[in-house]
Structure formats: C-alpha cells, structure tokens
Amino acid sequence: MVGGKVRQPIISVLGHVDHGKTMLLDTIRGTAVAAREPGQITQWIGASEVPISAIQKVCGELVRSLGIKLAIPGLLFIDTPGHEAFTNLRRRGGALADLAALVVDVNEGFMPQTLESLTILKSYRTPFMLVANKIDLLPGWRPTPNACFLDSFAKQRAEVRHALDDRVYGLVGKLHELGFEAERFDRVSDFRRQVCIVPTSAKTGEGIPEVLAVLAGVAQRFLERELTIEVSGPARGTVLEVKEEVGLGTTIDVIMYDGTLAKGDTFVAGGLDKVITSKVRGLLQPKPLDEIRDPQDRFRPVERVFAAAGVRVIAPNLDGVVAGAPLWAIRDWSEIEKFRQELQQEMERVRIRADINGVVLKADALGSLEALEGQLRERGVAIRKADIGDVSRRDVIEASTVAKSDPLLAAVLAFNVKVLPDAQQEAELQGVPIIQDNIIYKLMETYENWSKQKREEVRAKRLEGFIRPGKFALKIGFVFRRSHPAIVGVDVLGGIIKPKYPIMRKDGRRVGIIHELQREKKTVPEAKLGDELAVSIDGAIVDRHIREGDVLYVDIPRDHVMALKTELRDLLSGDELAVMDEIIAIKQKEDPTYGVM
C-alpha cells in the first residue's frame, strides 16, 4: 500500500500472579523493575520497546535457522498485571495486542488466573504462545545462563529431560481440554493452528532467545497485513493510564497502533462525562529497552511518534480522560464532529444504565469494565449499572432498590476503585455488600460465593414459611392432660415439629394442631429427631382421637409439599425427606394426586 510501513507487533504478557511475567520482561529489558516491586508481583502497567538490533543480538542465529528474515522494526511489550491491562488495551473489534505471551509456572501448571487469561484471549481471538517458566526449579536442572533452551536441554541428565517433557505434555493436555492444539515449539508443524510452548527460565535467561524468535517469527509470518500501517495517517491509539505529573499537570500514557502523532496535532479522547478535545503540547518517549512507567533515565522529548509505540502525551484539558478509552488524532476539522459522535458511541456501548434487576459494577477503566461485563454475562448475571469511577452513595442506593425484588443481585462490584465514605455508610445502613478486588477472577469468585451464601439464606428464610415433614410417637404412661388441650409426652421419630403445625394419624385423619412444645417445663420453638418432650395439642382428646403409643404425622398442605419436593428439597434433612415420603403415601390413599406434579 502507498505510504505503508510495517510496525512493531504489540505483545501483551499475561499469567497468574507469581508465575514470572515481570521477571521475563526484566530479563529481556536488562532493567531491574522486577526486583524493586513488592513481592515481585507486577503492580504497574508499562510498555517496553525491544528494537530489532536487540532481537538479532539475542536470537539472530536461531531466527536464521528457522528460515525467517526479519523485517519488523522490533517488538513492543505491554507489561500486564494479570490480564487487566490487556483488557484495557482495547480497540473497536477486539484487543489492541497483536500477540500474547501467556506465562505459566511449569511446576505449578494452570491456575485460576491462567484459565481466565485464556478465556479472554479466546474471546478476543488473540494469537498467543505459552511460556513454560521456572525450568530452573526442576530437581537436578543444571542452568546455562542466557542459553538457548535446546542447547541447555541437551546438557541435562536423562531423568531431568523426562521430568520436563512430562510437565510440558501436562500443559499440552490441559490446553487440549480447553480447545487448543499445542506442542513444544521445536515440534510444531503448523504455527497457525498450534500453540507454541517454550520452556524458559526468566531467572537464568534460558529459553529467552526462543521466546523472542517465536514472537518475532509468528508476527513476521502471519500478521503482515495487521502490522502494515499508513505511516502518514492520523494517530489511532488507546489510553493506557492517566496521571498527574509535577510541572506538567494531567498527562496520558498512550499506546499507538496506527498512524503518526506529532506536536501540535488536535485529538479527541474518551472522557467520563464527554468526549474531550485537546491539542498535543509535548510528546515524551522512553528510550528503547526502558520502562514507560518506571524509567531509569529521563524521558526524551520527541517531535512526532510513529506506531506502534508507547508515548506520554502532554496536553491541556485532560481531566476526565478515561484509561482504556480511544484516542484519535484529527487532521480534517470538518470531520471532528463525526469523530466525536463515533467516539461517544464507543464509550456508551460499554457503560450501562438499565432499569432492571441487576448488579452495580464500578471499574477503574473502560477495558476492565468491558471485561467484567463479559464475565458477568457468561455467568448469566444481569447488570443494572456499569460505569467508571469510585463507588458513590448513588451506586449503593441503586443496588438497594434491587434488594426488594431480587436480593441475589443487590450488590456493588468494585474493581480497582475506592469506596467513598458516604457510600460505605449507606451500604452499612442498607445492608448492601460492596465486593472489592483488583483481580478480576477474585472479584468474580467472591461475588459467586456471596451469591451462593445469599441464595441459601433466602431459601432458608423461605423455608421458614412452610410446614415441614415431622413424625412423633405418644409415649405410654405420659398423658398429662386428656383435652383442652391434650398434653402428652412424645418421642420425635423424624423430621421437625413446631407450634401451629396440623397433625394427623396414620390413616390420614387430621386430629388437631400443635399448641406448644415444652422441655423440662420450658417452652421451645421446635423439636427434631431424637428429642423427648411434652406436646400440647388443640382439638385432640386422648382415647377418642389419639391413644398412647400412636404415631402421628404433620399434615402438610398440598402446595407446601410440592414446594418441599422441588425447589426446597435440598434444604431438608435426610430424615425429613423420608418422613415426607411416608406422609405422601398416607395422603395418596385418599387423594392420588397429592404430592404429584
């Protein structure tokens, strides 16, 4: 194409916490970001450019041996905490990342966040490779720092090689279960259909040449059309982060995937309440192999930036710009209103306001909001409101209105945002749970656990309104009063009995209603299997309606028995279910339709 240029592929690194994502990039970059982070768990989002010269230096021979002639200018890595930034780096029609490297601890295998990352990669149809990290922790592994994996693997003892092969094939099997064909990279026959697995040690550098070679090779071979851009066209990008800079005010970190952004360019960006129009005052770019969020050297000012690149934009009126929102440069002023409308529609597509029973969802950025909406929809959970920003009192009130009609949805889910003090007070007052987390799968897991517990509470409360199965025998020699009401000693043989429960004999004839239960001269609310106590029965006369030694049953109304047999069945104990079967058999002698759906 005229003016076409091949850009760097944008690569996202995903994986479970502690599986080595940051250290993998740290080894590639040669910086010390990972070592400076608390607990070595990635906490900040960054972008790092690895130029083609560095790739040639690390794995030139390997690339040549694979028959690949590299024409890409380098690789642009997005350092992602889990997959949240991957979802924030979005554009219309899918993910911003061209490729992904999914990091898995080869000794631990797939973990919840690995599976969630795979779900998101699948939904965005993003090609990925699997980095089987921490091979240096295999018992007996002898490291060769910075070596190609195949060279280092050849030097290991037979039992160590077998152990690694077993673990790799465990990953192959798991991927197969999830619908992916996979194989160790040197055994792959079709790079389009099979996921490459590269055994690696981010700590020793073993396998890093193959990681770079596979990423560069796959990008070169299969993404040529996606990587060809109109170099002279207006910039298209996604806002990675909005931050306050001393002396500069509000700045935005942007990942550009198309076109050119220059000083003086006018652009539109997605805002919380409106589309924001501004003009580029300055552009700052990190040096190659440096960290956009954590540079060891100062940023260098530049006049213009070509995609793909990570760039910090200095411009006025950036308050309200949202992370994950699109940024489009405008060259033709006559089209600015059209672009503003398109961008507004794109923002509103993700933000939800609906007058339905559903959860309230708040997130820190557009991409994470979109990802959470997808996860909730997959689980069949309705959404009343989904928006960006801290949890407000209004959000809690929205959730509390749902509680009246569907208590299982009366919750606020807060991803990586704060809860304002008046919102916390309102939540405590209304009894609305605010479920907070900064990891998507944990937020979903906590909500599901709360929902399950709440469902049981609701069903248990509903059960309180039903007459439940019960069975008791009148003890011989324990008649304390014959009538008005009859008071007798009983043994509870199964189920549960309570005051106001109607009772019947084995022939199905109703004989009265339980008035009161007493144990050791104290009134009790209920009695269960194994209890011995005194029962007073309104309407029954001893030796006319009931006799010592009789076995009596709770006379369950027809509509109650149907509910107990179906939606409330699993709330009943085993002895209650057995007694209910006896009661149904007794009642069906007079009415064959009793207890039948």
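Here are some questions and answers on a predicted model.

Q: How many helices and strands does the secondary structure of the chain come to?
A: We're looking at a predicted model, and its chain runs to 597 residues. Counting up its secondary structure gives 16 helices and 34 strands.

Q: What share of the 597 residues is buried?
A: The cut-off for buried is under 20% relative accessible area. The accessible surface of the chain is about 26700 Å², and carbon and sulfur atoms own 50% of that. As for the residues, the buried share of the 597 is 55%.

Q: Among contacts between residues at least 6 apart in sequence, what percentage joins residues at least 24 apart?
A: Contact here means heavy atoms within 4.5 Å. Take the contacts in the chain whose residues sit at least 6 apart in sequence; the part joining residues at least 24 apart is 70%.

Q: Which word describes how α10 sits relative to α11: parallel, perpendicular or oblique?
A: Helix α10 covers residues 336-350 and helix α11 covers residues 366-378, and their axes are 9 Å apart. The packing angle is about 45°. Roughly parallel needs an angle under 35 degrees and roughly perpendicular needs 65 to 115. That angle therefore makes α10, relative to α11, oblique.

Q: How many charged residues does the contact of α10 with α11 have?
A: On the α10 side you've got Met347, Arg349 and Val350, and they meet Leu366, Leu369, Glu370 and Glu373 in α11. Sorted by class, this contact has four nonpolar residues and no polar ones, and the charged residues number three.

Q: Is Asp422 buried, partly exposed or exposed?
A: Asp422 is found in helix α13, residues 421-430. Its C-alpha atom is 61 Å from that of Glu590, which lies 168 residues away along the chain. Buried would take under 20% relative accessible area and exposed over 50%. Asp422 has 37%, so it is partly exposed.

Q: Which residues does Ser392 touch, not counting those up to four places away in sequence?
A: Ser392 is found in the loop between β24 (383-388) and α12 (393-403). Its C-alpha atom and that of Glu206, 186 residues apart along the chain, are separated by 49 Å. Leaving out residues up to four places away in sequence, Ser392 touches Leu420 and Ala423.

Methods:
Residues numbered from 1 in each chain as written. Predicted model: local features only at pLDDT ≥ 70, side-chain atom pairs only at ≥ 80, totals over all residues. Heavy atoms only, no water. Axes fitted to C-alpha atoms, helices over the stretch in contact; angles between N-to-C directions. Helix = DSSP H or I, 4+ residues; strand = E, 2+ residues; numbered from the N terminus. Parallel < 35°, antiparallel > 145°, perpendicular 65-115°, else oblique. Nonpolar A, V, L, I, M, F, W, Y, C, P; charged D, E, K, R; others polar. Buried < 20%, exposed > 50% of the residue type's maximum accessible area, 1.4 Å probe, protein only. Areas by Shrake-Rupley, 256 points an atom, 1.4 Å probe, with all protein chains shown as cover.
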